[in-house]
Amino acid sequence: MKIFESLGLRADGRRLLVLDQTQLPGQEVWLDGGDPDAMIAHIRALRVRGAPLIGVAAALSLAWYAERGAGESDVRAAAARLRAARPTAVNLMGAIDRMLEAVTPRLDADVLVAEAEAIFEEDVALCEAMAGHGAPLLTDGDGVLTHCNTGGLATVGIGTALGVIRRAVERGVRMHVYVDETRPLLQGARLTTWELGRCGIPYTLIADGMAPILMRAGRVQRVLVGADRIARNGDVANKVGTYAVAVAAHHHGIPFYAVAPWTTVDLGCRDGGEIPIEERPGDEVRGVRGSFGAVQWSPDNAPVYNPAFDVTPVDLVTALVLDRGVLTSQELRAGGLARLAKPRTVRAV
Ligand code: MRU
């Protein structure tokens with residue numbers, strides 16, 4: 001396997017390493033992720049997270065496994081387990097399907113490695129394309145609100161929504177980013193702040209419920225978020241809390257953009273109601289845990305509802321910024337995503 005390095009993933013020719021995102025920003029701990037069962041545990045625990053990243057990481061882990069002599073039935077079984085590691089981000093299923101296509105008609109480790117490398121390189125290019133389409137939407141002096149983490153930690157490139165912000169800043173657009181903390185797992189407070197700090201982009205961290213106050217005060221001109229799965233009609237599943245932000249943005253007349261690669265689009269889901277939403281353990285809401293340890297503030301038996309994602313209806317989405325271009329809400333409702341679909345080049349066998 002080639003030598004790869006992204007913010008959260010490294011392949012050094014021998015090992016496949018993942019940055020444990022649950023330890024950030026306190027510590028930078030790199031863990032082995034080559035073995036598919038280790039990778040599944042990392043993905044389930046959100047040590048590896050973000051829709052595009054989990055697809056790339058799963059593909060690399062299958063390639064690592066095949067390179068070490070795993071047979072076809074073991075690779076297929078590991079692929080099935082990886083596919084089920086998290087249910088909402090369709091990038092994971094898409095990457096696994098590509099790897100399984102590469103196993104057909106028979107397993108050849110070199111072919112599998114080449115496919116995983118292509119998935120990695122394509123994700124970098126998809127991020128660049130989204131950044132190119134999205135950056136012109138931001139104007140000098142903007143206050144930009146974002147939710148969850150959508151940067152180099154969630155992809156292997158510069159990111160989706162955060163990639164757009166970075167590209168605009170690189171082009172000289174001055175802006176201030178408002179970062180939702182993103183309860184319950186605090187991807188905004190822990191990860192987006194860390195990334196923005198590394199890039200030198202000015203930001204203010206807020207608790208999730210504070211966004212509407214800033215909108216009302218005229219301090220937010222645009223909202224930019226990522227996506228975990230986009231249905232054919234343009235409904236967007238993303239980190240829980242996104243829908244509330246979209247409702248508030250709509251109320252205040254603020255443009256709301258979702259930024260995602262084509263690998264996040266699922267034309268097989270007619271609308272957001274068909275997107276499977278992951279429900280996670282109640283302890284994530286009863287308290288909080290991280291590199292600082294664990295704190296629980298609710299009774300042990302407090303009943304909890306903990307969907308990891310919500311769906312923002314297309315009516316609240318001003319536009320989708322894709323690597324293939326920008327589609328407005330109106331274009332989405334008129335079937336724009338289906339029209340933008342083009343068949344992927346399939347390997348000759
Ligand atoms: O549960 P997570 O942290 O994997 O959720 C991540 C998000 O919801 C992101 O917004 C999404 O994956 C898009 S970022 C590239």
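Two strands are taken to pair if DSSP finds at least two bridges between them, and helices (H or I, at least four residues) and strands (E, at least two) are DSSP runs that are numbered from the N terminus. The legends below describe a predicted model, in which local features need pLDDT of at least 70 and side-chain atom pairs count only at pLDDT 80 or more, while totals for chains, interfaces and linings use all residues. Residues are numbered from 1 along each chain as its sequence is written, and side-chain values use heavy atoms, with hydrogens and water left out.

**View 1. The mixed sheet E12-E9-E10-E15.** Four strands form this open sheet, with mixed pairing, in the order E12-E9-E10-E15. Strand E12 (265-266) and strand E15 (309-312) stand at the edges with a single partner strand each, so one side of each has no neighbour in the sheet. Strand E10 pairs with E15 in the antiparallel sense over four bridges, and the bridge partner of Val236 in E15 is Thr312.

**View 2. The hairpin of E9 and E10.** Two bridges join strand E9 (residues 229-231) to E10, and these strands run antiparallel; Arg229 has Ala237 of E10 as its bridge partner. Four residues lie between E9 and E10 in this hairpin, and Gly234 in the turn has a positive phi of about 100 degrees.

View 3. The ligand sits in the largest cavity, where a cavity is a set of points, on a 1 Å grid over the protein atoms alone, at which a 1.4 Å probe fits but cannot get out, and a molecule sits in a cavity if more than half of its atoms lie within 2 Å of its grid points. The elements that give two or more residues to the shell around the ligand are helix H2 (51-67) and strand E10 (236-239). The ligand is surrounded by 19 residues, the closest being Arg49, Arg86, Asp228, Asn238 and Lys239; a residue counts as near if one of its heavy atoms lies within 4 Å of the molecule. The shell divides into seven nonpolar, eight polar and four charged residues, with Ala, Val, Leu, Ile, Met, Phe, Trp, Tyr, Cys and Pro counted as nonpolar, Asp, Glu, Lys and Arg as charged, and the others, Gly among them, as polar.

View 4. A polar contact is a pair of N or O atoms within 3.5 Å. An N or O atom in the side chain of Arg49 is 2.5 Å from an oxygen atom of the ligand, a polar side-chain atom of Lys239 lies 2.7 Å from a ligand oxygen atom, and a backbone N or O atom of Ala51 lies 2.8 Å from an oxygen atom of the ligand. Taken alone, the ligand exposes 410 Å², of which the protein buries 99%, with accessible areas computed by the Shrake-Rupley method with a 1.4 Å probe.

**View 5. The antiparallel sheet E1-E2-E3-E4.** Four strands form an open sheet in the order E1-E2-E3-E4, with antiparallel pairing, and its edge strands, E1 (4-5) and E4 (30-32), each pair on one side only. Three bridges join strand E3 (residues 16-19) to E4, and the bridge partner of Val18 in E4 is Leu31.

View 6. Most residues other than glycine have a negative phi, and most peptide bonds are trans. A cis peptide bond with omega of about 5 degrees joins Thr104 and Pro105, and Pro105 is found in the loop between helix H4 (90-103) and helix H5 (109-134). Arg183 and Pro184 are also joined by a cis peptide bond, with omega of about 5 degrees, and Pro184 is found in the loop between strand E6 (175-180) and helix H7 (187-199). Cys148, although not a glycine, has a positive phi of about 65 degrees, and its place is in the loop between strand E5 (142-146) and helix H6 (161-170).

Key:
Polar contact = N/O pair within 3.5 Å; in protein donor to acceptor, adjacent residues only side chain to side chain. 1 Å grid on protein atoms, 1.4 Å probe; cavity = no way out; pocket = protein on both sides within 12 Å on 5 of 7 lines; lining within 4 Å.
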